[in-house]
Amino acid sequence: MLKRTLLAAALFSVSAIAIASGGHGEKPQANPWTHFSLDNQIRAMPSGDATRGQDIHSQMMCNACHGEKGESPSRNYASLNGQPEAYTIKMMLDYRDGRRWENYHQAEIMVKISQALNDQQIADLASFYAQHKTQPWTYAQPLAAAEQAPTDKVVRKGDFERMLTPCASCHGAKGEGNGVVPALAGQVPEYFVRTMKAYQSGERHNDVQKGMSQFTHDLSDEEIQALAEYYAAMDRQ
Amino acid sequence: MQTSPLKTLIAAVSLMAATHAHAEPQMATGQAMAWQCAPCHGVNGQEFSEAMPPLAGMPVKQFMDAMLAYREGTRPAVIMDRVARGFTDEELNAMAQWFAKQPIKPWEQTTLQESLSAQQAGAQAAGEKQ
Amino acid sequence: MSQFAQSLSNGKLGRRELIKRFGISAVAASGLFGASKNAYAKSAPHVVVLGGGVGGSTFAKYLRFADSDVKITIIEQYPEYITCLRSNDVIVGYHTLDELTFNLDTVQSKYQVNVIIDKAIGADFDKKTVTTAKGQVIAYDKLVVSPGIDFKFEDYEGHSKELAETKIFHGYKAGPQTLALREQLLSVPKGGTAIIAPPQNPFRCPPGPYERASFFAEYFQKHNPTAKVIVLDPKDRFTKDGPFKKAWERLYGYQTDNSLIEWVSGSDGGRVLSVDGKNNSVETMAGTFKADMINLIPNQRAGKLAQILGLTDASGWCPIDRFTFESSLQKEVYVLGDSTIADAMPKSGYSANSQAKVCAQAVADTLRDRPLTKSVYANVCYSLAGDNYGVSIAAIYEVRDGLIQPKGKSEGVSPITDKPAQPILEAVYQKNWQREFVKDVFS
Ligand SMILES: Cc1cc2nc3c(=O)[nH]c(=O)nc-3n(C[C@H](O)[C@H](O)[C@H](O)COP(=O)(O)OP(=O)(O)OC[C@H]3O[C@@H](n4cnc5c(N)ncnc54)[C@H](O)[C@@H]3O)c2cc1C
């Protein structure tokens with residue numbers, strides 16, 4: 001468990017010094033989203049087809065890192081299965097347009113892949129992942145008994161003192177996500193921690209009007225770790 | 001099981017043989033093989049901000065699942081299928097044990113002493129005496 | 001143990017003796033009594049490395065991993081090392097030379113390696129000493145030599161070292177040569193021609209000339225679309241020629257009338273026989289070619305130092321023991337990298353790095369009388385056929401039937417598929433590899 005936190009910290013600490021590489025490929029400049037512009041953009045996307053999406057998932061080799069149906073085979077990659085369509089679409093657009101660039105070299109794969117896709121293909125992929133429900137992550141460990149109750153409380157009730165809205169109020173009672181809000185059930189814990197830390201530091205800022213990052217500031221490392229494990233093991237059934 | 005004097009003798013002789021000629025050397029150590037992965041995965045697998053995934057501190061099971069899937073062709077890959085096909089189960093396991101013991105932090109922030117201890121722990125986990 | 005090490009361990013060798021043997025500057029510069037004196041026991045054997053390039057620097061670092069006590073000294077002629085890796089990018093402006101410039105500072109400080117900037121000019125294998133241009137004489141227990149390559153200008157009539165430094169550049173040692181090629185490329189007139197003439201096998205970085213041809217084509221496509229690259233090759237095949245030619249078809253109209261690249265094989269008379277610097281032309285079996293720039297990459301042999309030390313055989317390269325990279329011609333002397341005859345392993349930075357690690361383990365084991373283990377090597381050569389188009393060749397190696405050969409079914413080039421992601425990802429990984437590789441070598 002300590003190890004996991006360290007992984008996230010490690011990923012994170014270098015990211016601060018990672019500079020956008022010169023030479024090959026410049027970073028595109030996109031305006032930050034407003035709720036309005038994001039809504040419009042999502043609405044303007046063509047509707048996706050899951051069967052075509054499956055084909056693209058293999059043609060673009062998404063399956064090399066994200067598994068056969070979006071379930072990540074290792075600690076190093078995110079799970080995509082069960083993500084709402086709008087969320088996947090938003091992420092792909094953010095990578096493509098330079099909004100999600102929290103660590104250039106690590107994100108470089110997704111930047112290049114998204115730049116090779118058109119809107120239709122992105123919509124098709126989104127439809128494919130949405131079709132496969134989340135499932136507990138293959139390597140999830142059960143959360144320590146003592147951490148179960150306090151973590152469950154943050155998820156379902158939040159913490160009024162710290163103005164923490166319950167995670168479930170946006171991410172769903174079963175961590176299933178909704179619209180541009182991602183599913184968290186079955187997410188890879190290292191990826192979860194890495195993401196939370198990136199929001200905390202402002203390194204990642206593609207959330208609309210700090211919709212997510214504001215909730216990360218008052219969480220301790222231990223709480224983030226526990227949340228990661230809680231969600232990784234979460235079963236929607 | 002008790003080791004017979006004869007076995008000890010044979011072991012001693014073969015050890016001497018290995019020292020002298022190149023007759024039947026032991027399998028390469030997990031460490032020696034793992035070093036070969038560094039140009040992509042970072043020194044001792046300790047690269048955490050690149051497109052290629054870090055290996056340091058990777059749980060043994062995840063490592064083995066990945067390598068076996070690459071080798072058998074059940075996990076698509078750009079390059080790792082080719083790399084994995086070069087190793088036997090035993091060799092993969094020795095590397096898995098070794099990588100699991102490497103610290104989860106960037107190489108630049110790791111001191112030599114820290115790394116030498118971790119490398120030794122890795123060799124021990126892989127059942128190799130240093 | 002050598003006499004020198006023995007006398008050190010007996011405490012017989014005083015400072016004066018050391019100065020006599022090492023020269024004053026050596027004792028000062030190498031820090032034998034300085035910062036690193038606490039790093040090793042007085043009895044520690046001394047391993048001296050000639051050449052602090054890819055092979056030498058990697059070796060020193062990994063020997064420190066394999067043995068925390070041994071004394072290590074690198075003798076390198078230049079204070080800075082410019083990597084050939086990605087130097088093709090500099091020619092077309094994707095990188096600057098500064099980004100490819102490294103030194104041995106971290107190797108010295110983090111791994112407690114003595115670094116001497118001086119040129120090795122000879123060795124006495126009986127006395128086990130090395131001599132440098134500044135007159136230092138340095139004793140070793142084990143000597144490691146990784147001097148890179150040397151060019152055979154004499155294989156081409158009319159060519160010379162001088163011409164190669166003023167007009168017909170090779171760009172096969174990164175530095176001024178690289179910048180000179182950049183200048184020439186930028187001044188190719190509209191509709192002009194650039195010739196790239198690769199060498200005969202074996203040579204440093206087998207995909208190098210073809211990556212360069214790709215980059216020139218990409219550059220012309222953007223800036224000078226009627227210009228053309230002609231590759232005059234003495235060979236009929238080259239490494240990764242399948243994926244390269246596929247990429248050229250996809251990107252540069254290869255084998256159409258408008259192709260930006262034309263490749264003339266050896267059978268078609270591509271071999272260059274002579275060079276005319278004044279007229280900027282080369283004569284081949286297929287006739288005379290005139291061009292606006294000629295990038296002739298001459299045939300090669302082991303680095304000069306390896307020749308001077310008598311470590312080469314009739315082939316011009318250094319024969320070695322496949323398990324340890326100990327020279328077959330000199331005991332206790334090891335040769336690494338481009339200079340060696342390593343069978344199936346290409347002359348690449350990756351190979352030099354891989355061999356250095358195996359050799360470091362073998363040297364450590366030998367010094368400590370430990371049994372040797374099997375030798376496992378690796379090589380991956382990544383090339384860019386375009387900024388976002390990578391191709392690769394990879395293999396793990398072992399020693400089988402006395403030769404270094406691919407292990408298992410590991411050997412393979414990038415598959416030619418219709419998956420658009422394959423070359424895109426290989427290009428991302430290529431750049432990733434280069435950043436990690438130089439870290440593995442120098443930090
Ligand atoms: C254009 C180009 C692109 C390349 N791209 C790649 C790539 O992408 N991937 C890859 O794996 N490889 C690549 N290579 C190949 C790679 O650069 C070499 O294979 C590698 O450098 C070989 O290492 P080495 O140790 O044998 O020699 P070098 O790295 O050349 O090191 C030799 C060192 O010895 C020093 N030296 C020589 N003589 C003396 C002396 N008498 N005294 C003291 N010091 C001395 C030199 O100054 C030098 O520092 C490329 C090469 C070229 C030309």
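Mentor: We begin with a definition: a salt bridge is a side-chain nitrogen of Lys or Arg within 4 Å of a carboxyl oxygen of Asp or Glu. In this predicted model, the side chains of C:Arg204 and C:Asp338 form such a pair, with N to O at 2.6 Å.

Trainee: How many salt bridges are there between domain 1 of chain C and domain 2 of chain C?

Mentor: The count is two. As for the parts themselves, the assignment divides chain C into domain 1 (3-148 + 303-442) and domain 2 (152-300). Their C-alpha centres are 30 Å apart. To the contact, domain 1 of chain C gives 34 residues and domain 2 of chain C gives 35 residues.

Trainee: What area is buried between domain 1 of chain C and domain 2 of chain C?

Mentor: In general, the accessible area lost when the parts come together is often used to give the size of an interface. Here the two domains of chain C bury about 2900 Å², with 64% from carbon and sulfur atoms. On the side of domain 1 of chain C, C:Asn88, C:Ile91 and C:Tyr389 supply 22% of the buried area, more than any other three residues.

Trainee: Which elements of chain C supply at least two residues each to the side of domain 1 that touches domain 2, and how many residue pairs are in polar contact?

Mentor: The rule finds 16 residue pairs in polar contact across this interface, both residues at pLDDT 80 or more. The elements are helix H5 (87-92), strand S20 (377-386) and strand S21 (389-400) of chain C. By residue class, that side of domain 1 of chain C has 18 nonpolar, ten polar and six charged residues.

Trainee: How many residues does the contact take from chain B and from chain C?

Mentor: Chain B gives 40 residues and chain C gives 54 residues. The buried area between these chains is about 4000 Å², and carbon and sulfur atoms account for 61% of this area. In chain B, the residues that lose the most area to chain C are B:Trp35, B:Gln36 and B:Arg82, together 19% of what that side buries.

Trainee: What is the count of salt bridges between chain B and chain C?

Mentor: There are five salt bridges between the two chains. One of them joins the side chains of B:Glu91 and C:Lys407 at 2.5 Å, N to O. The side of chain B that touches chain C comprises 21 nonpolar, 13 polar and six charged residues.

Terms used
Residues are numbered from 1 along each chain as its sequence is written. Chains are lettered from A and ligands numbered from 1 in the order in which they are written. This is a predicted model: local features need pLDDT of at least 70, side-chain atom pairs count only at pLDDT 80 or more; totals for chains, interfaces and linings use all residues. Side-chain values use heavy atoms; hydrogens and water are left out. Contact means heavy atoms within 4.5 Å. Buried area is the accessible area (1.4 Å probe) that two parts lose on being put together, summed over both. Ala, Val, Leu, Ile, Met, Phe, Trp, Tyr, Cys and Pro count as nonpolar, Asp, Glu, Lys and Arg as charged, and the others, Gly among them, as polar. Domain bounds come from an automatic or database domain assignment. A polar contact is a pair of N or O atoms within 3.5 Å; within protein, one must be able to donate a hydrogen and the other to accept it, and residues adjacent in sequence count only if both atoms are side-chain atoms. Helices (H or I, at least four residues) and strands (E, at least two) are DSSP runs, numbered from the N terminus.
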